[in-house]
Amino acid sequence: MDKQPPPFCIQIELTEGCNLACSFCGIAAIRDNGANGPENIRGKNSSPYKFLTLNLTTFIAKELIKVKEKYKWNPRIEMAMHGEPTMNPEYKQIVEIFRKYLPTTHLQMTTNGSGLLRGDLTLNIDSLMDCGLNVLLLDNYEGINICDKVEEGYLGNHPILKYPKDKKANPHRRRRSIDHDIVITQDIVVASKGNHATLNNHAGSSFPKNNRAEGKRCAKVFREMSIRWDGNVAICCNDWPGFYRCGHVSEGFEKLWQNKMFRAARKKLYHGERNFGPCNGCDALSYRPGLLPDLKGQKEYERANEHDNRIIEYALKEGPYSTAIPRPWE
């Protein structure tokens, strides 16, 4: 395969760190907040925080315009990853910047909702939608009751949909720029269907590694690019510490997406070879992996050779982007 088609999705980390520390989350792999112990419960925070800046946001947005115009990129933007986005004091301005430069792009924010409760809830949500957000996706963590407070306290006109109960609520369905939905997804611990119903071990950051996915393709390096708060890019969102370094957004998106680090990983993962770096023992399963590496599954990647293996060693040798905290099973 000569060239990988553009990603479906660009994930952007507004905040590294969270006001919660859920037991199924990989946050404890980068935050020494007591979450490694048996006392770990939802509600224990994982600060201090690191934030995406407005300057970097503007740079990313402008770079996305370039690849959209020159290489026909058209990814949706998902603001989430390794922390709570509404802890970033400039989260509304960040959405506004992306909408300014990308007027037709689907913009989504995945949040536990806690930052929305600071001040006037309705004003916070409505102003966020006015900034250009299409989908405000609220993770409903039972026992925290933040989503209950949002449902009870929101007095605006934007619809509140339940996923997966309401088929129209699918947060990944691309919206028009004029569409604005509030979506509450079922708690992932109890969910049995939908795109948010499967827990995985986050490459060993949330649960011990295992061989459940051994021999199976992973679609993430073919469909997603995950940008950390400082512009660094690791292999995927499940690599919480960022062990497998792919580069930085300053290189340019097309150059970064086609580089040797991503390409070597794609060769391995196209053939279900998860025997390297954070992928070794990761049990994340992909949706419709038969349609890889292109949109219709008509092309293929050759198997990794010794040169590719050396590139993988190079991507791993400097260590993680974030300080890695050993888990109890490590």
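1. The side chain of T122 reaches the backbone nitrogen of L155, at 2.8 Å. This is a polar contact (a pair of N or O atoms within 3.5 Å; within protein, one must be able to donate a hydrogen and the other to accept it, and residues adjacent in sequence count only if both atoms are side-chain atoms). Please keep in mind that this is a predicted model, in which local features need pLDDT of at least 70 and side-chain atom pairs count only at pLDDT 80 or more, while totals for chains, interfaces and linings use all residues. Residues are numbered from 1 along each chain as its sequence is written, and side-chain values use heavy atoms, with hydrogens and water left out.

2. Staying with T122: this residue belongs to helix α3, residues 121-130. Helices (H or I, at least four residues) and strands (E, at least two) are DSSP runs, numbered from the N terminus. T122 has a relative accessible area of 15% and is therefore buried; the cut-offs are under 20% for buried, over 50% for exposed and in between for partly exposed (1.4 Å probe, protein chains only). With neighbours within four places in sequence set aside, T122 is in contact with G153, Y154, L155 and G156, where contact means heavy atoms within 4.5 Å.

3. D120 caps the N-terminal end of α3, with a side-chain oxygen 3.1 Å from the backbone nitrogen of T122. After the helix comes G132, with a positive phi near 120°.

4. In the loop between α3 and β6 (135-139) you will find N134. Its relative accessibility is 0%, so N134 counts as buried. Residues up to four places away in sequence not counted, N134 touches R99, T105, H106, L107, R175, R176, S177, D179, H180 and D181.

5. M87 sits in another loop, between β4 (76-79) and α2, and counts as buried at 5% relative accessibility. Leaving out neighbours within four places in sequence, its contacts are T15, N19, Y49, F51, S114, G115 and R118.

6. How many residues of α7 are buried? Nine of its eleven are, so α7 is largely enclosed by the rest of the structure. The buried ones are M261, F262, A264, A265, R266, K267, K268, L269 and Y270, and they pack against α5 (220-223), β10 (232-234), β11 (245-248), α6 (253-257) and α8. At the start of α7, a side-chain oxygen of N259 comes within 3.1 Å of the backbone nitrogen of M261. G272 follows the helix, and its phi is positive, near 70°.

7. Now the rings. The structure holds eight aromatic pairs (rings of Phe, Tyr and Trp, its six-membered ring, with centres within 6.5 Å; planes under 30 degrees apart are stacked, over 60 edge-to-face and the rest tilted). One of them is Y270 with Y301: the centres are 6.2 Å apart and the planes lie at 55°, so the pair is tilted. This pair links distant parts of the chain, as Y270 is in helix α7 (residues 260-270) and Y301 is in the loop between α7 and α8 (306-317), 31 residues apart. Y270 is buried at 8% relative accessible area, and Y301 is buried at 2%. Elsewhere, ring pairs join W73, F253, W257 and F262 into a cluster.

8. Two arginines deserve a mention here. The charged end of R217 sits over the ring of Y270, 3.9 Å from its centre, and that of R266 sits over the ring of W257, at 4.3 Å from the centre. The criterion is NZ of Lys or CZ of Arg within 6 Å of the ring centre and within 35 degrees of the ring normal.

9. Finally, the whole chain. The protein chain has eight helices and eleven strands, and 56% of its 330 residues count as buried. Residues 24 or more positions apart account for 75% of the contacts with a separation of 6 or more. Along its principal axes, the C-alpha trace spans about 60 × 50 × 35 Å.
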